[in-house]
Amino acid sequence: MGQLNNRNIAVLSESGFEETELTSPVQRLKEEGAIVHIISSKPGSIQAMKGDQEWTIKVDVDKTITEANPEDYDGLLIPGGVLNPDALRKNDQAVEFVKAFFSAGKPVAAICHGPQVLITAGVVKGRKMTSTKTIKIDLINAGAQWDDLEVVVDEGLVTSRSPDDLPAFNDKMVEEFAEGVHQEQHS
């Protein structure tokens with residue numbers, strides 16, 4: 001029995017996600033007993049990138065954003081990659097989906113470029129966070145307190161910098177998802 005038995009976790013992504021930033025956390029979530037749904041703007045599949053130039057595996061989409069209800073999920077994972085967060089932040093439905101988790105105090109985990117979506121959702125002001133260094137200034141300008149650590153946890157919000165941080169990211173993500181609602185998470 002895992003720490004996340006029967007917990008429903010949403011993974012919000014578009015094509016262009018960094019392969020290991022989706023596959024490694026999803027594997028860990030499933031090992032812990034979570035029910036994981038890949039949610040995207042379109043049905044079918046989304047495709048990963050390795051680095052920022054090589055297209056790799058395809059992952060089946062379980063639900064579209066219009067079909068998915070944030071109330072049905074206990075936590076949210078946003079993988080990075082350069083293209084994925086950029087596509088998500090341009091999608092009003094995706095941004096509203098993210099905001100719903102913060103409004104409900106539900107835990108959220110975002111890695112690498114993933115926090116860009118959180119900036120657009122307006123939920124980073126005053127939060128302790130980390131990310132890839134390329135968006136450090138964006139987070140600071142949006143009011144986050146940025147630190148160069150492998151993982152930063154702030155009241156149910158888990159952030160990490162890169163695929164190198166996945167072991168620590170996965171551990172803290174599972175811990176926060178297992179704790180459930182964080183009253184201080186509210187936006």
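Guide: An open sheet of 3 strands has the order 2-4-5, with mixed pairing; strands are DSSP E runs of at least two residues and helices H or I runs of at least four, numbered from the N terminus, and two strands pair if DSSP finds at least two bridges between them. This is a predicted model, where local features need pLDDT of at least 70 and side-chain atom pairs pLDDT 80 or more, while totals for chains, interfaces and linings use all residues. Residues are numbered from 1 along each chain as its sequence is written, and side-chain values use heavy atoms, without hydrogens and water.

Visitor: Which are the edge strands?
Guide: Strand 2 (17-18) and strand 5 (54-60), each pairing on one side only.

Visitor: And how many bridges join strand 4 to strand 5?
Guide: There are 5, and the two strands run antiparallel; M49 has W55 in strand 5 as its bridge partner.

Visitor: Switching topic, where does K133 lie?
Guide: K133 sits in the loop between strand 9 (128-129) and helix 5 (136-141).

Visitor: Why does K133 count as exposed?
Guide: Because its relative accessibility is 57%, and exposed means over 50%, buried under 20% and partly exposed in between, with a 1.4 Å probe and protein chains only.

Visitor: What is K133 in contact with, neighbours within four places in sequence aside?
Guide: W146 and D148, where contact means heavy atoms within 4.5 Å.
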